[in-house]
Amino acid sequence: MKFQVLQIRKDRRTEESAMNARVLGEVDPVFFLSAYDIVAEIEATDLDEVFEIGNIGPEEKITRIAPMHSVSVGDVIRDDRGRCFVVSPIGFT
């Protein structure tokens with residue numbers, strides 16, 4: 001299954017909403033629509049595997065679309081059904 005990884009645009013990192021996303025894993029829907037971009041597609045079986053591949057590889061399971069950092073708190077993972085999951089301090093919401 002292919003998952004999309006969405007991350008906050010670099011120009012938005014200093015805003016309060018970006019801080020809440022990156023530290024607390026709280027992503028406001030309006031902030032999501034205005035500040036996140038698709039940075040990669042990852043071939044994986046589930047969210048945990050997306051997280052693992054997004055951090056340690058293997059690189060061949062990642063299709064990079066834009067510069068990205070490792071998958072971390074505040075990032076959004078979208079599955080092939082369009083459902084979005086926020087990487088939280090523990091697990092996904």
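A few ground rules come first. The model is predicted, so local features need pLDDT of at least 70 and side-chain atom pairs count only at pLDDT 80 or more, while totals for chains, interfaces and linings use all residues. Residues are numbered from 1 along each chain as its sequence is written, and side-chain values use heavy atoms, with hydrogens and water left out.

Strand 1 is mostly covered, with five of its seven residues buried. "Buried" means under 20% relative accessible area, "exposed" means over 50%, and "partly exposed" is anything in between, all with a 1.4 Å probe and protein chains only. Strand 1 also has partners, where two strands pair if DSSP finds at least two bridges between them. With strand 2 it runs antiparallel, and seven bridges join the two. Strand 1 pairs with strand 4 in the antiparallel sense as well, over three bridges. Leu6 shows up in both pairings: its bridge partner in strand 2 is Ile38, and in strand 4 it stands opposite Val76.

Next come the charged side chains. A salt bridge is a side-chain nitrogen of Lys or Arg within 4 Å of a carboxyl oxygen of Asp or Glu, and a search of the whole structure turns up three of them. One of these brings together the side chains of Asp37 and Arg9, at 2.8 Å from N to O. That pair ties up distant parts of the chain: Asp37 sits in strand 2 (residues 36-43), Arg9 sits in the loop between strand 1 (2-8) and helix 1 (16-24), and the two are 28 residues apart. Asp37 has a relative accessible area of 31%, so it is partly exposed. Arg9 comes out at 28%, so it counts as partly exposed too.

Another salt bridge is formed by the side chains of Arg64 and Glu59, 2.7 Å from N to O. Arg64 is partly exposed because its relative accessible area is 44%, and Glu59, at 44% relative accessibility, also counts as partly exposed.

Then there is Arg83, which forms a salt bridge with Asp79, with the closest N and O atoms 2.7 Å apart. Arg83 has 42% relative accessibility and so counts as partly exposed, whereas Asp79 has 7% and so counts as buried. Asp79 is found in the loop between strand 4 and strand 5 (84-86). The side chains of Asp79 and Arg83 also make a polar contact at 2.7 Å. A polar contact is a pair of N or O atoms within 3.5 Å; within protein, one must be able to donate a hydrogen and the other to accept it, and residues adjacent in sequence count only if both atoms are side-chain atoms. Setting aside neighbours within four places in sequence, Asp79 is in contact (heavy atoms within 4.5 Å) with Lys2, Phe3 and Phe85.

The aromatic rings have their own story. Rings of Phe, Tyr and Trp (its six-membered ring) pair if their centres lie within 6.5 Å; planes under 30 degrees apart count as stacked, over 60 as edge-to-face and the rest as tilted. By this rule there are two aromatic pairs. Phe31 and Tyr36 form an edge-to-face pair, 5.9 Å centre to centre with 85° between the planes. Phe32 and Tyr36 form a tilted pair, 5.2 Å centre to centre with 45° between the planes.

Last up is Ser70, in the loop between strand 3 (62-64) and strand 4 (76-78). Ser70 has 37% relative accessibility, so it counts as partly exposed. Leaving out neighbours within four places in sequence, Ser70 is in contact with Gln7, Gly54, Asn55 and Asp75. With Asn55, the link is a side-chain to side-chain polar contact of 3.4 Å. Leu33, by comparison, lies 37 residues from Ser70 in sequence and 21 Å away in space, C-alpha to C-alpha.

Conventions: Helices (H or I, at least four residues) and strands (E, at least two) are DSSP runs, numbered from the N terminus.
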